[in-house]
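Here are a few exercises to work through with the model open beside you. Try each task before you read its solution.

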Amino acid sequence: MRLSNIFMIENIRALRTLYCEKEIRISSRTIPLALLGILILAFGLLITQLGFYQDDWHHVYFAHSLGISRLWDMFLYDGRPLAAVLYMLGFSILGFVPLHWHVSTLILRYLTILFTWLYLKDIWPEHKREVTWAALLFIIYPLFKLQPLSVAYTVHWTGFLLFSISIWSMVQSIIRPRWFWPFTLLALLTNGLHLAFIEYFSGVELIRPFILWLLPRHREIRLRKRLQRVLGVWLPYLVIFSSFLLYRIYLIPVPEPGYERNVPTVLFDLFRTPLPTTFKLIESLLQDSIYILITVWSKVFSPDLFEITQPASNKIIFIALLTGLALFYYLRHLEAEESVATENHQPWYRSALMIGSALTVLGLVPAWITGQSVSQDNPLWSGRLGMGSMVGASLVLVALMELLIRNRKYRTLFIVILISFSIGWHILYTNDYRWSWIKQQRFFNQLYWRAPYIDENTTIISDEEIFPYMGEYPTAFALGNLYPKFDKTMNLNYWFYSALRRFNDQRQELIEGMPFEYDHNFGRFNGYSLDSLVIYYRPEQNQCLWVLGPEDTTIRILPPILQDIAVISNLDRIDPEPLDSSAFPSEIFGKESENSWCYYYEKASLAEQEKDWNKIVKFWKIAQGNGFQPENGIEALPFIEGLAYRGDWAQARHLTIRANQITEGMKRRLCPLWDQIAASTQPTPERDQTIQAIQDKVGCTE
């Protein structure tokens, strides 16, 4: 081959290489956008369909039903009185629309991630790639499962953000000495604020001297002087931290004498019984560290993610796969400095393991000293106790990958797999929250249609808890927002109980009459079992909300405990009209369409209670005109009664026979109903023929 041809080929190869490298090079300035994109994929896709859950509800109740200023009372009992300022401001700006709170909390989380990435890259400026990986893991770390609780965890993400800003400002004060005082003042201010709002990030406060030690400007100083400078910079932060401890243990205001919450009992036990308490802390350290670093990832690789018969799972798998491919491409072509050995030729993973391990352990200290544990408490709610550890755990994992996986391409692939599966897992459980909110919205709309107002001190009893990610007391606080509260006292007007959980062995006492009393922190209720409404709610079985009456003890498809206790359901507690001009609080619950079968059923049930047969017939005609029919025989009952009492015997007969066909065991409810109709109406040939035909078809004479 001629020399000229070889030269031409080499030029072409060089140009092609140069062109390709230039084409696929991605600027590091895109990292904040990449962080935002991953955050939105994991937590933002369903944000418009989420609502309020669990601990959200008592925040909403106090602000909505008692008034925003009463949040002071709630947070006194919660043990974080200064957090009331944050929520008073929050409800004043965001109102009671769930979406506003979800967007706000997502912004807080993003800013926390962004400032974390900023201070990490300033600590290790030569390792931008690795700290970006750690920031990506921090976004989706599968420990904290409570992002959908947007109101309750606003204070947590605000505290985390303030801590992150404080660390970033402290780092800036060192690496930019010209701006030392402005950055130091900002760091001290945000330091004090996050400790004032919430104690969750008080443990990670102790990471400051470790970070100061690693900063590039301090590495050039001799050991003794370096130590003096680090301690000198840390001193004002240590003073604020010590003041926090003094306030938290001895000076925090309480709502009533003798009241205590989140008491650091383990801290006191260290002085009383040092040896056993130390062993207990070591046990918690080992258990919680293993749980955070290893066990939580087993949830991410859940078989539930691969239920390919479920349309939602297929969409989640597609999103995770597409995200993984895009992220792998992005990380492989991200412009970043090559990893180099730092001071004393030590590899990066050593300092990262030190800081990461310290953060992981320190983040758990506030939980440990109050006798709580991430690994041993309720796994759904305990993840919040380790929020402060998530940055450290992310650093530890990236450092271990750096140590154990030498090939960068394989390291990248491994981290992409973790992130992709974690995104899928977050979407999967967020979808469960979405369905919980849909169920709540339908319930509260239907309850309001059925009961425009319920007398005070009424208990709502179901066979079991009716909403996922809720519970009894959150449901009670949610009920408190449905109707106006006139006295503005701390006592709630309504409470909710799961009969199986509370009264399975007390059914007879419930029927004979027993007092109800709930008094815990800011939740207080007094009632009586005979002033209760018994309900049955199974929308997943294509049913509406059933507010049962004493006559419904014969409904065969009810759970046995509801068949037993339906006799106590006191429909006189329901008023057919609101007591004032207050409308349904659609800002909170959202407004369901009134052009639905359940609307006509609930309104007909209310009219049946008032014996307004004309209304029932009107609702039946409108429902039929809109193409609605009962899918369960029980929901035909008020219409059967209304049609019969208005002399439409043909329609009443047709609906009775259909109800008996579509639902098993209707005989026990239909036959007494027609006996009552027969006793209450004037004999006519058409009536008598209808009653005889129904008795034959349903089997009432057997």
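**Exercise 1: the Cys671 pair**

Cys671 and Cys700 form a disulfide, with their sulfur atoms 2.1 Å apart; a disulfide here is a pair of cysteine sulfur atoms within 2.5 Å. A quick note before you start: this is a predicted model, where local features need pLDDT of at least 70 and side-chain atom pairs count only at pLDDT 80 or more, while totals for chains, interfaces and linings use all residues. Residues are numbered from 1 along each chain as its sequence is written, and side-chain values use heavy atoms, with hydrogens and water left out.

Task: work out where the two cysteines sit, which hand the disulfide has, and whether each cysteine is buried or partly exposed.

Solution.
- Step 1. The pair links distant parts of the chain, 29 residues apart: Cys671 belongs to helix α29 (residues 667-680), and Cys700 to the segment after α30 (685-698). Helices (H or I, at least four residues) and strands (E, at least two) are DSSP runs, numbered from the N terminus.
- Step 2. The torsion about the S-S bond of Cys671 and Cys700 is about -90°, so this disulfide is left-handed.
- Step 3. Cys671 counts as buried, at 9% relative accessibility, whereas Cys700 is partly exposed at 23%. The cut-offs are under 20% relative accessible area for buried and over 50% for exposed, with partly exposed in between (1.4 Å probe, protein chains only).

**Exercise 2: the rest of the disulfides**

Task: find how many disulfides the whole structure has, and describe the one that joins Cys544 to Cys598.

Solution.
- Step 1. Searching the whole structure turns up two disulfides. Count the bonded cysteines along the chain and the pattern reads 1-2, 3-4.
- Step 2. Cys544 is joined to Cys598, with an S to S distance of 2.1 Å. This pair also links distant parts of the chain, 54 residues apart: Cys544 is in the loop between β6 and β7, and Cys598 in helix α25 (residues 597-609).
- Step 3. For Cys544 and Cys598 the S-S torsion is about -90°, so that disulfide is left-handed. Both cysteines are buried.

**Exercise 3: strand β6**

Task: explain why β6 is largely enclosed, and say which strands it pairs with.

Solution.
- Step 1. Six of the six residues of β6 (residues 532-537) are buried, so the rest of the structure largely encloses this strand.
- Step 2. In a regular strand, side chains alternate between the two faces of the sheet. Here Ser532, Val534 and Tyr536 point one way, Leu533, Ile535 and Tyr537 point the other way, and all are buried.
- Step 3. Now the neighbours (strands pair if DSSP finds at least two bridges between them). Strand β2 (residues 458-462) runs parallel to β6, joined by three bridges, and Ile461 has Val534 as its bridge partner in β6.
- Step 4. Strand β7 (residues 545-547) is antiparallel to β6, again with three bridges. Val547 in β7 is the bridge partner of Ile535.

**Exercise 4: the whole chain**

Task: sum up the chain's make-up, dimensions and burial.

Solution.
- Step 1. Count the elements: there are 30 helices and eight strands.
- Step 2. Along its principal axes, the C-alpha trace spans about 110 × 85 × 45 Å.
- Step 3. Of the 702 residues in the chain, 55% are buried.
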